[in-house]
2 protein chains.
Amino acid sequence: MRTHVAGQHQTFSSEGISAFSNPLDRWALRQIRSAVGAAPIRLLLWDGFQSAPGDDSSVGSIVFRNRKALFSCVRDPELNFGETYMFGAVEVRGDLVAVLEALYLALHGSKPRPWSRLWQQSNGVGQAKEHVHHHYDLGNDFYRLWLDREMVYTCAYFPTPDASLEDAQIAKMERICRKLRLQPGERVAEAGCGWGSLALHMAKQHGVTVTAFNLSSEQIDYARHRAQQEGVADRVEFVNDDYRNLRGTYDVFVSVGMLEHVGLADFHTFGRVIDRTLHSDGRGLLHFIGRDRPTPLNPWIRKRIFPGAYPPTLREVAEGVLEPQNLSVVDVENLRAHYAKTLEHWRQRFTAAAPDVTRMSNATFARAWDLYLAGSQAAFTTGWMQLFQIVFVRGESRRVTWARV
Amino acid sequence: MRTHVAGQHQTFSSEGISAFSNPLDRWALRQIRSAVGAAPIRLLLWDGFQSAPGDDSSVGSIVFRNRKALFSCVRDPELNFGETYMFGAVEVRGDLVAVLEALYLALHGSKPRPWSRLWQQSNGVGQAKEHVHHHYDLGNDFYRLWLDREMVYTCAYFPTPDASLEDAQIAKMERICRKLRLQPGERVAEAGCGWGSLALHMAKQHGVTVTAFNLSSEQIDYARHRAQQEGVADRVEFVNDDYRNLRGTYDVFVSVGMLEHVGLADFHTFGRVIDRTLHSDGRGLLHFIGRDRPTPLNPWIRKRIFPGAYPPTLREVAEGVLEPQNLSVVDVENLRAHYAKTLEHWRQRFTAAAPDVTRMSNATFARAWDLYLAGSQAAFTTGWMQLFQIVFVRGESRRVTWARV
């Protein structure tokens, strides 16, 4: 298993730290306090010096364990909070999700960044393959530790908040099928199929044939094995290739959890693939992590977890993917509450499996992934991130939908 | 009752028409055939000369009754088809809706118009008042002839396709209330309240207080009278003023059938009104006629029916209204099938009341409105126009919605 952090453990080591904080250290701590405003979080230095929130009601504490960690967070908090946390130079006391929620809420008033487009670069086929390899080829054994039985690594749908994760993932897949009104014998194209659970569900439960694309060879191998075992290999083709190489025409186009990896620069290409794929009465569904306004993905997440990713706004998807192809939006559902709950389940399982994760990789990797899961949960509970499901048809489609799912 | 067409009856008179069509007339007819492509419509001249569709299967015929009508339609079909139709110089044989649907479908492949923004101009308060007066002050007696009992002049929601219009309008209002999760005692601001039916429904059925704005004095008078009669005048305030003068903070912002009259140039203003109106955990709903891609409203509709109107795309609403205020889209539903059905009901009633309409105004006015209703129905069945309902909350709202309506 690749862990991407080997050899970097000394980055925030404790060498050269004086035992007591000095006035400059305390000035630095006040800078951080000023940035997080009224967030109910205590900020502590390595010697116990602290900055409490105004009303002294805190949900937890952030402890800077050395000077290097402190100043790196003043300089570039978006990148270095994660860096210092994963290497143990920053510690969080109290509930990690609650602390991160307080940070997100404090930052909510901050201005949109009109320059976010400058950070966008095209994910060419080679680059896309490398990005996918970075995240999705960490090893099926790793993901099996904390995903559901079906290995679904996207937002679930909870019919009730206390549904199990297993049931919620099946409910999500079934909900997508119902939104798409699948009919037996129809042909479905899937862009970004993960471990193949949705493609298999569609074929088994709705009698369709599916052609499913994925750049991750580990995931494709797993999916093909399942298709064989479950007797639907003649109706589900798993293709280890870039979605841009999709050919032929289909009744349905579906993409769950891939658009956030496409990148704005390739939205027109993505739209053109849909346009040439979908026949005249076809329909499609896009499921993706999104934003209310254009915001670059946190640079630490880009560096350590999802290189090349960008969660778009509805406007950006309409502008880049749908409008140019004259595709008509039938339905949009924002499932952010469901993604927060999904992440809560994943993190519970991840925490329970922490000894195995650490054994398979190392403590730094385990801390990085715990921060990523907790931070994502907080981002969805606070509205920092959204989960959009868009159903669309061709503009001139006669497909009438009286009542939605 | 104002009818806006007095004194223009001679525009497409028959004077100076030769009994038989000449080669130039036939060339003109071929120009029109070429523009409508393979539409299954016969095109006829006044002397019986005709151009049939390729496969000879037609849903109806368009008859040009004189040379002036013919050439005006070659020169500017978008404006003059309506003009010549309303003055009786163009006749449609067969089902009017079917003929208009065939036209819309034939034009569907046409290119988007990137210059549509140039047609946009700000609807200042004075201008907006004039536009509203043009359409909505035609007289309550006129609208009573063909609207439902509640006088709802926006898209209904049909729980089943054979529901009555009366039931479907009540279902629409109730659906909006449920999407907004109204709680007794909450305060609602409504921008563009028509004859007050939604405001009254909210107050009576959900125990909220409503402040409802409308520029049409005839509608406001009617709504106030209803509030008095139904004993909710203490909880529903009808204000005869521009929505831009809305003050105070509210739990809910709702606007049904007004955004298409606001115009792109004022979308930022509209967004700012929402932002200053909505308290921190507030939510809102926008219900409006929209498009899949930017397209100017048909110039005849702008001239004769809805001056100043522009149905926006979802992207334009996100860009102009929602993103700048950091409002978060929770839900979008496209109800175009429901609007087609609503218009079918309205036109049936309108047709039944045609003698009354003609008596109240004149035959030209009645033909213009019949064309407008039939054309709108065809626009919704063919996907030329959309009806979007958007539910939104503030970005940082903690309002969790597990299951949508």
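A:Asp331 stands opposite B:Glu333, a residue in strand 10 of chain B. Strand 10 of chain A pairs with strand 10 (residues 327-334) of chain B in the antiparallel sense, over 3 bridges. Strands are DSSP runs of E of at least two residues, helices are runs of H or I of at least four, and both are numbered from the N terminus. Two strands count as paired if DSSP finds at least two bridges between them. The model is predicted: local features need pLDDT of at least 70, side-chain atom pairs count only at pLDDT 80 or more, and totals for chains, interfaces and linings use all residues. Residues are numbered from 1 along each chain as its sequence is written, while chains are lettered from A and ligands numbered from 1 in the order in which they are written.

In the contact between the chains, 32 residues of chain A meet 32 residues of chain B. Contact requires C-beta atoms, placed from the backbone, to lie within 7 Å. On the side of chain A that touches chain B, helix 13 (314-322) and strand 10 (327-334) each supply at least two residues. Strand 10 of chain A gives the most, with 8 residues. By class, this side of chain A has 12 nonpolar, 11 polar and 9 charged residues. Nonpolar covers Ala, Val, Leu, Ile, Met, Phe, Trp, Tyr, Cys and Pro; charged covers Asp, Glu, Lys and Arg; the others, Gly among them, are polar.

Within chain A, the axes of helix 4 (residues 96-107) and helix 16 (residues 363-381) come within 8 Å and cross at roughly 50°. Helix 4 of chain A is therefore oblique to helix 16 of chain A. Axes are lines fitted to C-alpha atoms, for helices over the stretch in contact, and angles run from 0 to 180 degrees between N-to-C directions. Angles under 35 degrees are roughly parallel, over 145 roughly antiparallel, 65 to 115 roughly perpendicular, and the rest oblique.

In chain B, 4 strands form an open sheet of mixed pairing, in the order 2-1-3-4. Strand 2 (50-51) and strand 4 (90-94) of chain B are the edge strands, each pairing on one side only. Strand 1 (residues 41-44) and strand 3 (residues 60-64) of chain B pair in the parallel sense over 4 bridges. B:Arg42 stands opposite B:Ser61 in strand 3 of chain B. Helix 1 (residues 23-36) of chain B lies across strands 1 and 2, at about 160° to strand 1.

Key:
Contact = placed C-beta atoms within 7 Å.
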